[in-house]
Amino acid sequence: RGGWIMFAWTLLPYYYLVYVKPAKRPVVPLIVFPALVVGLFFAVLQVSPGTQERMNRSQGFKSFDYQSINTASSSRLDIYWSAFESGRQHPINGVGVNTFEQTMREYFPPQADKAIWPESLTMPHPHQVILEIWSGAGAIGLFGFFLVWAAMWRLWRNATPAQRKLALPMLMPLAVLWWPINTHRGFYPSELAAITLFFLAFSIAALTHHGDAK
C-alpha cells in the first residue's frame, strides 16, 4: 500500500510526459490507464483479506467527528495529534530525531481510545513526513527539509536538458521517498538517510555536470 501511494502520484508526471503528451490520440492513454488501475484495484480487493479489511474500516466513516475519522483512517488522527503536539511543545528542535516511538504516548490527545492503544502498542514514525520532521527536529528540521527541496528545484530549473537526463534516475527515488505528503516511510531511519545522501550527491553532480552536450 505504501509503495502504491508513494509511487503512483510521483509517476503521474512521467506518465503524462512519456505516454499522454506524445500520443496522437491522448484520449487513449487517458482512458486505458485509469481503466487498468481500477481493474487492478478490484482484482486485489477480491484476493487480499488485508485490503478488504481496510475497505470495511473506511466504510465505517459516517460523520466528521473525531472518533469517526480516526477509526476510518486507522487511528491516524491520534498519531498526527501526537506528532504535532510534540513539535508544538518543542518548536525549535523537536523532541529528537527518530524518537517518536518512545515519546508518542506522552502527547496523545485526551480522546485517544485506550482500547485501540494498549500499553504495548506504538508506532515507529508518525506516518506523515512533515509531521515527523516537525516532531523530531522542530522548525530547524523543517527549514532544512524545504531548503533542500528549494535548492534542488533551482538546480533543476538552471540545468540543461542533458544534465536533467543524467539526474532524473537519481531524483526519482528522492521524489518518491521524500515528497512532502509522503505517509508511509520514516524520514530518519539510518539506511534511508544514507541512500538519500547518496542520491543527492549524484543528483547534484549530474545537474552541475559541464559536458559538451546541450
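This is a predicted model: local features need pLDDT of at least 70, side-chain atom pairs count only at pLDDT 80 or more; totals for chains, interfaces and linings use all residues.

User: Which elements have the lowest and the highest mean pLDDT?
Analyst: Helix α3 (residues 49-58) is the lowest at 71, while α7 comes out highest at 95.

User: OK, on to the core. Which residues have the most contacts inside the largest nonpolar one?
Analyst: Ile-133, Leu-171, Trp-178 and Leu-207, in a core of 23 residues. The elements giving two or more residues to this core are α7, α8 (161-178) and α9 (190-207). α7 gives the most, with eight.

User: What does Leu-171 touch, sequence neighbours aside?
Analyst: Leaving out residues up to four places away in sequence, Leu-171 touches Met-152, Trp-156, Ser-203 and Leu-207. There's also a second, separate core of nine residues, and Ile-79, Ala-83, Met-104 and Trp-117 are among them.

User: Switching to α5. Which of its residues are buried?
Analyst: Arg-76, Asp-78, Ile-79, Ser-82, Ala-83, Glu-85, Ser-86 and Gly-87.

User: And what do those pack against?
Analyst: The buried residues of α5 pack against α4 (66-72), α6 (100-103) and α7 (129-158).

User: How does the span of α5 compare with what it should be?
Analyst: It agrees: α5 has 14 residues (76-89), so at 1.5 Å a residue it should span 20 Å, and its end C-alpha atoms are 20 Å apart.

Methods
Residues are numbered from 1 along each chain as its sequence is written. Side-chain values use heavy atoms; hydrogens and water are left out. Helices (H or I, at least four residues) and strands (E, at least two) are DSSP runs, numbered from the N terminus. The expected span of a helix is 1.5 Å times one less than its number of residues. Buried means under 20% relative accessible area, exposed over 50%, partly exposed in between (1.4 Å probe, protein chains only). Contact means heavy atoms within 4.5 Å. A nonpolar core is a set of buried Ala, Val, Leu, Ile, Met, Phe, Trp, Tyr and Cys residues joined through side-chain atoms within 4.5 Å. pLDDT is the predictor's confidence in each residue, from 0 to 100.
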